[in-house]
Amino acid sequence: MKKIAVLIEIRDGKLKPSNLGVCSAAHESGGECIAFLLEGNAADAAATLQEYGIEKVVEIFTTHGAASWNPEVWAEAIIQAMVYYEIHALLGLASMQGKDLLARVAARLEAPLLMDCIAVNLVRHTAKKSQFSGKAIAEFKTCGDYHVYGIRPNALTAVPAPCRAAVESFKASTGSPGLSVKNLQPGLANDIDLTEANVIISGGRGMENGDNFNLLHACAQTISAAVGASRAAVDAGWVSHALQVGQTGKTVSPKVYIACGISGSVQHFAGMKTAGIIIAINKDPHAAIMSKCDYAVCANLFDIVPALTRKLRKPHKGSK
Amino acid sequence: MNIYVCVKHVPDTAATIRVGADYRIDEDITFIMNPYDENAVEEAVRLKKRMAGAEVIAVTLGKAAAEATLRSALAMGADRAILVRSDKHHDCITTAGALCAAIRQDGNPDLIFTGRESIDAEGFQTMYRMGVNLGIPVASNVIAFDMDGQRVSVISEMEAGEHACLEMTTPCIIGAGKGLNQPSYPKLPDILQARKKTITVIDEEQSGTHSSASRVETVILEIASEERQPEALEGSAEEIADAIVGILRNEAKVLMNS
């Protein structure tokens with residue numbers, strides 16, 4: 001039987017929820033699904049992963065140890081595990097970490113790689129992904145001994161498929177990397193990962209200044225949403241580039257995207273067009289976003305956002 | 001010191017994309033230099049200005065029209081350029097092979113800059129394949145770059161604003177992120193001067209690209225549909241806020257009920 005490995009991502013000791021959609025895609029192929037976890041957390045994660053079709057959880061250890069994260073070392077360790085477990089198809093998240101790691105693995109294996117896929121078929125070795133800043137969708141076929149796919153976070157639905165997952169360890173023998181990691185500086189404490197968030201509240205030129213983004217932060221906090229921004233807001237210096245959604249920023253696929261004072265350029269849509277529900281709040285009824293959303297609110301965001309924050313503060317506590 | 005910058009000639013983001021029967025796009029539209037590659041060229045040119053005897057060479061793989069993007073790189077301050085000419089469609093594997101072959105043929109690279117991704121194919125992998133091909137380390141999504149002798153220090157932007165400080169020795173490959181710098185736009189004299197700089201055209205066949213058993217084939221390419229039917233939410237701010245809460249709870253199911 002064909003075996004498929006899913007590279008699992010852990011953040012702050014927790015399994016990222018978007019891993020589960022990737023597990024479901026692997027399970028759907030009918031092959032044996034093995035989860036790869038790097039340097040720890042396997043026992044905790046296995047309890048969740050086995051509910052989504054994972055039959056084996058392999059904890060990969062490198063010679064260098066958990067304390068010294070290094071993408072070259074990790075890529076080498078993943079390849080050794082792939083060879084040992086006879087894996088020819090590797091799936092992972094197209095997160096920042098996944099984009100780096102999966103590409104390193106594919107490059108070393110000279111394997112075809114499709115990154116940021118929104119659909120994948122592991123029987124035919126095909127996947128769909130965006131092209132030309134989201135203006136076109138392509139289906140590609142990968143040909144070779146190995147196949148590597150990075151899945152856009154939240155693009156695939158997690159479907160429960162209970163199994164019992166055995167947990168085992170794999171000790172890789174990793175050489176000295178050409179790249180050395182001096183240190184990792186964490187982001188700001190209130191930074192919720194944009195690509196993982198269920199709900200994103202974004203501000204654009206209509207926010208008028210950086211201080212007004214506090215309105216969005218206050219609203220986002222009530223439901224553990226992330227705050228995003230358009231390029232106009234970033235270029236004006238109101239918020240950091242880390243918040244930028246769009247062409248030259250992050251590509252996101254939240255369940256709900258609330259755009260406040262954003263005109264909705266092609267470049268912005270390139271980063272958020274696969275959102276589940278788009279709610280646009282804009283004073284200008286002719287703004288492009290008002291005809292490309294699910295719910296159009298033609299009103300002043302400075303009236304709507306505080307009202308929404310008040311309502312969300314009351315009856316419930318946070319988002320799922 | 002030889003600083004190479006790999007650039008790509010891509011459709012303007014504002015251009016309307018049309019797809020032909022062969023699943024290739026209609027190229028009778030405006031093309032630009034891939035935006036991230038502008039950051040790569042800018043950083044290379046800034047570095048050159050601090051290093052006596054350094055040369056910046058822009059390299060691209062593409063059709064004859066890609067020369068326009070090389071001219072832009074020259075106007076931004078690159079010294080000369082290489083066009084690996086090919087009318088064929090390339091996947092990331094053959095692209096990396098062709099770029100590496102052209103660089104090898106030209107000289108010994110000390111540094112290779114490129115954009116962290118191309119906005120047309122969105123492949124996210126060419127620089128990593130070049131790293132393996134040339135046997136040199138790669139850092140991507142770089143937002144700060146420094147060099148001291150052979151030691152290169154960079155900051156790579158990770159998840160949720162996290163920064164990784166990485167070190168390598170030359171030669172190495174730097175994938176430029178948007179935050180790396182603010183590209184300076186060439187002035188008229190720069191553009192005129194760029195016309196006099198040399199672009200060496202080599203045929204892809206001559207550059208000795210390597211063949212691979214691995215490849216990516218296009219099954220289908222179609223325009224993404226934008227089928228959303230906007231529904232207007234109207235009323236007072238309170239009523240609209242209630243409606244949005246309703247959408248979050250009942251339609252999107254992202255609120256936990258208390």
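Into which domains is chain A divided? Chain A splits into domain 1 (3–171) and domain 2 (199–313), with bounds that come from an automatic or database domain assignment.

This is a predicted model, where local features need pLDDT of at least 70, side-chain atom pairs count only at pLDDT 80 or more, and totals for chains, interfaces and linings use all residues. Residues are numbered from 1 along each chain as its sequence is written, chains are lettered from A and ligands numbered from 1 in the order in which they are written, and side-chain values use heavy atoms, with hydrogens and water left out.

**Two interfaces**

Contact means heavy atoms within 4.5 Å. Buried area is the accessible area (1.4 Å probe) that two parts lose on being put together, summed over both. A salt bridge puts a side-chain nitrogen of Lys or Arg within 4 Å of a carboxyl oxygen of Asp or Glu. A polar contact is a pair of N or O atoms within 3.5 Å; within protein, one must be able to donate a hydrogen and the other to accept it, and residues adjacent in sequence count only if both atoms are side-chain atoms.

| Interface | Residues in contact | Buried area | Salt bridges |
|---|---|---|---|
| Chain A and chain B | 94 residues of chain A, 78 residues of chain B | about 7,500 Å² | seven salt bridges |
| Domain 1 and domain 2 of chain A | eight residues of domain 1, eight residues of domain 2 | about 680 Å² | zero salt bridges |

**Between the chains**

Of the area buried between chain A and chain B, 57% lies on carbon and sulfur atoms. Phe132(A), Lys135(A) and Tyr295(A) supply 10% of what chain A buries there, more than any other three residues. Tyr295(A) also has a bridge partner, Glu231(B), in strand 13 of chain B. Strands (E, at least two residues) are DSSP runs numbered from the N terminus, and two of them pair if DSSP finds at least two bridges between them.

Side chains meet too. Lys311(A) and Asp242(B) form a salt bridge (3.3 Å, N to O). Chain A and chain B have 42 residue pairs in polar contact (both at pLDDT 80 or more).

**Between the domains**

The centres of domain 1 and domain 2 of chain A, taken over C-alpha atoms, are 31 Å apart. Carbon and sulfur atoms carry 53% of the area these domains bury between them. Ser133(A), Gly134(A) and Arg152(A) supply 58% of domain 1's buried area, more than any other three residues. Three residue pairs are in polar contact here (both at pLDDT 80 or more).

Key
Helix = DSSP H or I, 4+ residues; strand = E, 2+ residues; numbered from the N terminus.
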